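Let's walk through this chain together, from its overall layout down to a single residue. Please keep the view open as you read.

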Amino acid sequence: MKDPKKKAAKAAKANKPTAVNAKKGGARKAGNAAKAAARSTQEEPKLYKTGNDIKKSARVELIGLLNKRLADAVDLHMQMKQAHWNVKGPHFIGLHKLFDEIHADTGEYVDLIAERAVQLGGVAEGTVRTAAKRTQLGEYPHDIADGPAHVDAVSTALATFGHAVRTSIDEADDLEDADTADLFTEVSRGIDKWLWFVEAHAQATK
Ligand SMILES: [Fe+2]
């Protein structure tokens, strides 16, 4: 999705304003509906019975949110391998090892996010086909080789995912799920660290 705000606005429009909405508080309701629409996936997720006390409507949205970030995380996970395999140049060994460490860590994030969706009664939708359809990350460039180009491409991927995850913290918070917000916070903190490790290769002259 290129412009979440546009999508949210469109969704709000689709949720046509009722007479009640048109009155005081209507704008806020429409805003909330837009937020919910922007958060949810296209299809209503399948829900399993659970004793988890988070209300069903919130769990539906949380599962949708988690599956969106799962798609991004699966994509990021393999993009880091792509960088690990193809980087060349004088800083080869350092970057080769660094990108593999990030790959391993992002694998942990994939698992954390997927299992949270299942804990909420949902289905984790983490196949590569689903990830390819849903990911918000750009395709990793195939025609680059030298270290600085990979540093730039990996930084872009990490920053894009980092932004999406940070936004997801607030969305989980809005849905009153402190645990999912905490999970996203943990992932966000890790991504910020890796972004620092990678960007530091390009910051010496600034
Ligand atoms: Fe390897």
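The paragraphs below go from the fold to the core and then to one glutamate.

What you see is a predicted model, in which local features need pLDDT of at least 70 and side-chain atom pairs count only at pLDDT 80 or more, while totals for chains, interfaces and linings use all residues. Residues are numbered from 1 along each chain as its sequence is written.

The protein chain has 8 helices and 0 strands, where helices are DSSP runs of H or I with at least four residues, strands are E runs of at least two, and both are numbered from the N terminus. In sequence order the pattern reads α-α-α-α-α-α-α-α. Two residues are in contact if their C-beta atoms, placed from the backbone, lie within 7 Å. Among contacts in the protein chain with a separation of 6 or more, 70% join residues 24 or more positions apart.

Of the 206 residues, 34% are buried; that takes 20 or more other C-beta atoms within 10 Å of a residue's own, whereas 12 or fewer make it exposed and anything in between partly exposed. A nonpolar core is a set of buried Ala, Val, Leu, Ile, Met, Phe, Trp, Tyr and Cys residues joined through C-beta atoms within 7 Å. In the largest one, with 41 residues, L70, F99, I113 and V154 touch the most other members. Two or more residues each come from α4 (56–86), α5 (92–119), α7 (147–174) and α8 (178–199), and α4 gives the largest share, 12 residues. Beyond its neighbours within four places in sequence, V154 contacts M80, A83, F99 and V198.

Finally, look at E115 in helix α5. E115 counts as partly exposed because 14 other C-beta atoms lie within 10 Å. Its C-alpha atom is 9.4 Å from that of L66, 49 residues away along the chain.
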